[in-house]
Amino acid sequence: MSQPILEMRRVSKSFGALKVADGIDLSVNPGQSLGVIGPNGAGKSTMFNLVAGVLPPDEGHVFFDGADVTGKNMAQRCRDGIGRSYQIPHPFEGMSVFENLLVGARFGGAMPDDEAYAVSMKILTETELLPKANALAGTLSLLERKRLELARALATQPRLLLLDEIAGGLTEAECQSLIATIKGIRDTGVSIIWIEHVTHALLAVVDSLMVLNFGMKIAEGEPREVMESREVREIYMGLDADA
Amino acid sequence: MTDMSVEKPGASVSRATRESKIALPILIVLVVFLAAAPWWAGRADMRLMVEIFYYLVLAQMWNLLAGYAGLVSIGQQAYVGIGGYMLFIGTVFLGVHPLAAVIVAGVAAAILALPSGALLFRLRGPYFAIGAWVLAETFRLIFAQVSALGGGSGMSLPTDIVRSIADGRSAREAVVYWTALGLAVGSVVAVYYLLRSRFGLALTAIRDNEEASGSLGVNAWMTKFSIYIIAAFVTGMTGALIFLQKLRISPDAAFSVNDWTAFVIFMVVIGGIGTIEGPIIGVIVFFVLREFAADWGSWYLILLGTVAIVVMLKAPKGVWGYVAERWGLSILPVARRLDLNSVLDPSRKSRH
Ligand SMILES: Nc1ncnc2c1ncn2[C@@H]1O[C@H](COP(=O)(O)OP(=O)(O)OP(=O)(O)O)[C@@H](O)[C@H]1O
Ligand SMILES: [Mg+2]
C-alpha cells in the first residue's frame with residue numbers, strides 16, 4: 001500500500017466550550033477522492049481549516065505526504081501541495097481574475113512569470129472564466145466567485161485539493177459541467193476532499209464518503225453504503241437527501 | 001516605465017494603458033522642469049517644493065504600509081525622528097558628509113526597525129497602531145535624555161557642517177532641493193517597480209485578503225515585515241533630509257505625530273489609499289488647502305477635518321479611487337492584462 005497523502009491523527013479543536021473537531025482520524029490516499037457531508041455547524045469547514053493550516057489544532061497532528069505539517073503555516077502547506085477553496089469566496093477584489101490566479105501560480109505553485117501566465121490561462125479556459133480574465137474579481141457574481149475559488153486553488157498545482165461547497169446554487173446544467181471539471185481534475189491524479197450538501201453531485205465524483213456530526217467522524221466508507229447507513233439516516237431523518 | 005509585453009505560446013500579457021503611454025513623456029518633462037527649479041524658482045518656492053517632496057515620500061511609504069500591508073501605523077514619526085537625529089549624530093560626531101549621512105540615517109532607521117517591527121508585529125489592528133505610537137514616544141523620550149544632542153531643547157547643525165553641504169547659501173539650497181526631488185521621484189519609481197514585481201503581487205493580494213493570500217502560498221508575515229523595514233529605511237532618509245533643510249532639531253519636532261503621521265494619513269486617505277497615484281494627489285490637495293487657508297489660524301485644521309469627512313463620506317476610496325473607478329484610468333499601471341484578442345482569436349496575434 002502506498003503512503004497516504006493526508007493523515008489526521010486524533011485532531012481536536014474547540015472554540016470555547018464548543019468542540020468543533022473531536023479526535024478526528026482520517027487517511028486519504030494519493031488519487032483518492034473523499035466526500036464529506038454533515039449538518040450545518042458540524043465542523044466540516046473547520047476540518048479544512050485544520051488541514052490547510054488556517055487554525056492550529058488543540059490536540060493531534062496533521063501529516064501531509066508522510067511529513068508532520070502541524071507546525072507549518074498555511075503558505076508552507078500550500079507550497080507543499082495543499083490547495084483549498086473557501087465556502088464563502090475570498091477573492092482579491094481589487095485584482096483581475098487573471099491576477100488572482102497568478103498569485104496562486106507564482107507563490108503556491110512557485111512558478112516563474114511566463115509559466116504562471118500560461119498555466120493561469122489554461123485553468124481560466126478549463127473553468128470557463130477566460131472571458132472574465134481582465135475583470136476585477138470584485139465585480140464577479142457569486143457563481144463566478146465560486147468558480148474563481150476553484151480556479152485559484154488549481155493554479156497552485158495542488159496534490160490535495162480541498163473543495164468547500166462549490167456546487168450550491170448552480171443550475172442542473174452548471175452542476176453537470178462542474179462535475180465534469182472535477183472529474184477531470186481527479187483523473188489527473190489529484191487527491192480531492194469535497195464538502196458538499198448537493199449529494200448527487202458529490203456521489204458522481206467521490207469514491208468514498210465520510211460523515212461529520214458535532215466534530216466527530218461518525219461514518220466513513222463506500223458512498224452508497226454510508227448514505228444508507230443508520231447514522232446518516234438518523235441525522236437526515238425527515239430531510240430530503242438531495243436538499 | 002516601459003510597456004512589457006510577454007509573448008508566450010497562447011499567453012500575451014501587457015501592462016501599459018493608453019493613458020499611461022500619454023502620461024509617461026509628460027511626467028519625464030515635468031521632472032526635468034522641476035530639476036531646473038534652482039534656475040527659475042525663488043527661494044521661498046523652493047523651500048515649499050522641498051516640503052512637498054518630502055511629504056510625497058512619507059505619503060508613499062505610509063500608503064505601502066497601511067494601503068497594502070494593512071499596517072495602519074500612527075508611529076512612523078519614530079523613523080523621521082531617528083533619521084533626523086542620525087543626520088546630527090553622523091555629521092557632528094562621526095564626521096560623515098551630510099549627504100552621506102542621509103543614507104546612514106536610512107540604514108540606522110531600518111536596523112532599529114528590525115527589533116521594533118518584530119515586537120509590534122505581535123500586535124494586531126488598533127493595538128499595532130497604538131503600539132507604534134507608544135514606541136515613537138519612547139524614542140522621543142530617549143533622545144530628550146541625551147545631553148550631547150541638546151536634550152529636550154535640541155541642537156542646531158554647526159556652521160562648518162552646513163558649509164560642507166555646498167559653498168554659499170543658494171548652492172546649498174539647490175543641493176537640498178535636488179536631494180528632495182531625487183528622493184521623491186526615486187520613491188515613486190521604486191514603489192511603482194516594487195508593485196509590478198512578484199513581491200508587489202503578494203502585497204496587493206495581502207491588501208485585498210490576507211487570509212486568502214496565505215492559502216495561495218504567500219508568506220504574508222514576511223512580506224509585511226519586509227515592507228515595514230523598507231518603509232523605515234526610506235522614512236529615515238526622509239527624516240534626515242527634513243532636518244537638513246531645517247538645520248535644527250529637537251525631540252518634539254523630530255517625533256511629531258501631527259507633522260509626520262497625522263498630515264500624512266490625511267494625504268493618503270484623501271488622495272486614495274492603496275494606489276500609487278492616490279498619495280500624489282493627496283499631497284497636492286493638502287498643499288493647495290494649506291496655501292489657501294494660510295492665514296486662517298486654527299480654522300485651517302477645521303477645514304482639513306471637514307474636507308476629510310466629506311471625502312470619506314462621498315468618495316471613500318479617495319479622490320483618485322473615485323476618478324480611477326469612474327473613468328477606468330491608471331496612470332502608473334501595475335496590473336497585468338491578459339490579451340484576450342490573441343487568445344480568443346489567434347489570427348490577430350500577428351498584428352502585435
Ligand atoms: N473562528 C471561529 N470562532 C468561533 N467559532 C467558530 C469559528 N469558526 C467556526 N465556528 C463555529 O464552529 C462550528 C462549526 O463551524 P463550521 O464552519 O466548521 O461548520 P460546517 O460544518 O462547515 O457548517 P456549514 O455546513 O454551515 O458550512 C459552528 O458552530 C461555527 O459557528
Ligand atoms: Mg462549512
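Which residues of helix α16 (residues 318–327) in chain B are buried? They are B:Gly318, B:Trp320, B:Gly321 and B:Ala324. Keep in mind that this is a predicted model, where local features need pLDDT of at least 70, side-chain atom pairs count only at pLDDT 80 or more, and totals for chains, interfaces and linings use all residues. Residues are numbered from 1 along each chain as its sequence is written, chains are lettered from A and ligands numbered from 1 in the order in which they are written, and side-chain values use heavy atoms, with hydrogens and water left out.

**Helix α16 of chain B**

- "Buried" here means under 20% relative accessible area, "exposed" means over 50%, and "partly exposed" is in between (1.4 Å probe, protein chains only).
- On the face turned away from the buried side you'll find the exposed residues B:Arg326 and B:Trp327.
- The cover over the buried residues includes α13 (257–271), α14 (277–292) and α15 (299–314) of chain B.
- Just after α16(B) comes B:Gly328, with a positive phi of about 60°.
- Helices (H or I, at least four residues) and strands (E, at least two) are DSSP runs, numbered from the N terminus.

**Chain A as a whole**

- Chain A has nine helices and 10 strands.
- Its radius of gyration is 17 Å, close to the 18 Å that the globule rule gives for 243 residues, so chain A is as compact as a globular protein of that length. The radius is taken over C-alpha atoms, and the rule is 2.2 Å times the number of residues to the power 0.38.
- Along the principal axes, the C-alpha atoms of chain A fill a box of roughly 50 × 40 × 40 Å.
- Of the 243 residues in chain A, 56% count as buried.
- Take the contacts in chain A between residues at least 6 apart in sequence: 66% of them join residues at least 24 apart. Contact means heavy atoms within 4.5 Å.

**The magnesium ion**

- A:Ser45 (OG) and A:Gln87 (OE1) coordinate the magnesium ion (ligand 2), at 2.0 Å.
- This pair links distant parts of the chain, 42 residues apart: A:Ser45 is in helix α1 (residues 44–52) of chain A, and A:Gln87 is in the loop between β6 (82–84) and α3 (97–108) of chain A.
- Donors are N, O and S atoms within 2.8 Å of the metal (3.2 Å for Na, K and Ca), and water is not among the atoms, so sites may look incomplete.
- A:Ser45 counts as partly exposed at 22% relative accessibility, and A:Gln87 does too at 31%.

**Where chains A and B meet**

- In this interface, 35 residues of chain A are in contact with 30 residues of chain B.
- The two chains bury about 2,900 Å² between them, 68% of it on carbon and sulfur atoms. Buried area is the accessible area (1.4 Å probe) that two parts lose on being put together, summed over both.
- A:Phe107, A:Tyr117 and A:Asn134 supply 23% of the area that chain A buries against chain B, more than any other three residues.

**A spot to look up in chain B**

- B:Lys246 belongs to helix α11 (residues 220–246) of chain B and is partly exposed, with a relative accessible area of 38%.
- Leaving aside neighbours within four places in sequence, B:Lys246 is in contact with B:Tyr54 and B:Trp260.
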